[in-house]
Amino acid sequence: QVQLVESGGGLMQPGGSLRLSCTASGSIFSTGAMGWYRQAPGKERELVAVITSGGSTNYADSVAGRFTISRDNAKNMVFLQMNSLKPEDTAVYYCNADVDRSGLGYHYTYWGRGTQVTVSS
């Protein structure tokens with residue numbers, strides 16, 4: 001099995017910063033793309049940022065220039081540095097990862113359980 005565990009969420013004032021971390025563990029041969037998604041109350045889950053195994057990144061327009069995604073391939077970790085936080089960033093943040101468990105090139109997507117980020121004064 002593969003487990004993804006997020007950490008680093010919490011309450012922050014507008015304009016502040018938070019850094020989210022996500023660790024993938026278990027039966028992992030390699031990881032492909034890793035990403036962060038978020039879901040606000042009453043809204044659908046949306047992509048925040050994604051990073052490939054080679055380091056290419058893509059961001060939602062709403063966070064571009066404020067958030068930075070990065071990863072540590074050796075530790076199967078992905079990070080999300082969130083700066084200039086806004087109240088509309090309030091959501092549960094989920095990480096996901098495309099994992100090859102066998103080395104045969106078949107990737108399956110796994111999800112963490114989420115971490116709450118609340119931006120409020």
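How many helices and how many strands does the secondary structure of the protein come to? It comes to zero helices and eleven strands, where helices (H or I, at least four residues) and strands (E, at least two) are DSSP runs numbered from the N terminus.

This is a predicted model, in which local features need pLDDT of at least 70 and side-chain atom pairs count only at pLDDT 80 or more, while totals for chains, interfaces and linings use all residues. Residues are numbered from 1 along each chain as its sequence is written, and side-chain values use heavy atoms, with hydrogens and water left out.

**Figure 1. The whole protein.** From the N terminus on, the elements run β-β-β-β-β-β-β-β-β-β-β. The radius of gyration is 14 Å, close to the 14 Å that the globule rule gives for 121 residues, so the protein is as compact as a globular protein of that length. Here the radius of gyration is taken over C-alpha atoms, and the globule rule is 2.2 Å times the number of residues to the power 0.38. Along the principal axes, the C-alpha atoms fill a box of roughly 50 × 25 × 25 Å. Of the 121 residues, 37% count as buried; buried means under 20% relative accessible area, exposed over 50%, and partly exposed in between (1.4 Å probe, protein chains only). The protein exposes about 6400 Å², of which carbon and sulfur atoms supply 48%. Accessible areas come from the Shrake-Rupley method with a 1.4 Å probe, and for residues only the protein chains shown count as cover. Among contacts (heavy atoms within 4.5 Å) with a separation of 6 or more, 56% are accounted for by residues 24 or more positions apart.

**Figure 2. The disulfide between cysteine 22 and cysteine 95**. A disulfide is a pair of cysteine sulfur atoms within 2.5 Å, and by this rule the count comes to one. The S to S distance between cysteine 22 and cysteine 95 is 1.9 Å. Cysteine 22 lies in strand 3 (residues 18-26) and cysteine 95 in strand 9 (residues 91-100), so the pair ties together parts that are 73 residues apart in sequence. The link is right-handed, with 40° about the S-S bond. Both cysteine 22 and cysteine 95 are buried.

**Figure 3. The largest nonpolar core**. A nonpolar core is a set of buried Ala, Val, Leu, Ile, Met, Phe, Trp, Tyr and Cys residues joined through side-chain atoms within 4.5 Å. The largest one has 27 residues, and those with the most contacts inside it are Trp36, Leu80, Met82 and Tyr93. At least two residues of this core come from each of several strands, including strand 1 (2-7), strand 7 (67-72), strand 8 (77-82) and strand 11 (115-119). Strand 9 gives the largest share, five residues. Leaving out residues up to four places away in sequence, leucine 80 touches Leu18, Arg19, Leu20, Trp36, Val48, Ala49, Phe67, Thr68, Ile69 and Tyr93.

**Figure 4. Strands 4, 5 and 6**. Two strands pair if DSSP finds at least two bridges between them. Strand 4 (residues 30-39) and strand 5 (residues 46-51) run antiparallel and are joined by five bridges. In this pairing, methionine 34 stands opposite isoleucine 51 in strand 5. Strand 4 and strand 5 form a hairpin with six residues between them, and glycine 42 in the turn has a positive phi of about 80°. Glutamate 44 is found in the loop between these two strands. Glutamate 44 counts as exposed at 70% relative accessibility, and touches Arg38 and Gln39, not counting residues up to four places away in sequence. Three bridges join strand 5 to strand 6 (residues 57-59), and these also run antiparallel. Alanine 49 stands opposite tyrosine 59 in strand 6. The hairpin of strand 5 and strand 6 has five residues between them, with glycine 55 in the turn at a positive phi of about 100°.

**Figure 5. Asparagine 76 and serine 84 in their loops**. Most residues other than glycine have a negative phi. Asparagine 76, in the loop between strand 7 and strand 8, has a positive phi near 55°. At 17% relative accessibility, asparagine 76 counts as buried. Serine 84, in the loop between strand 8 and strand 9, has a positive phi of about 50°. Serine 84 is partly exposed, with a relative accessible area of 39%.
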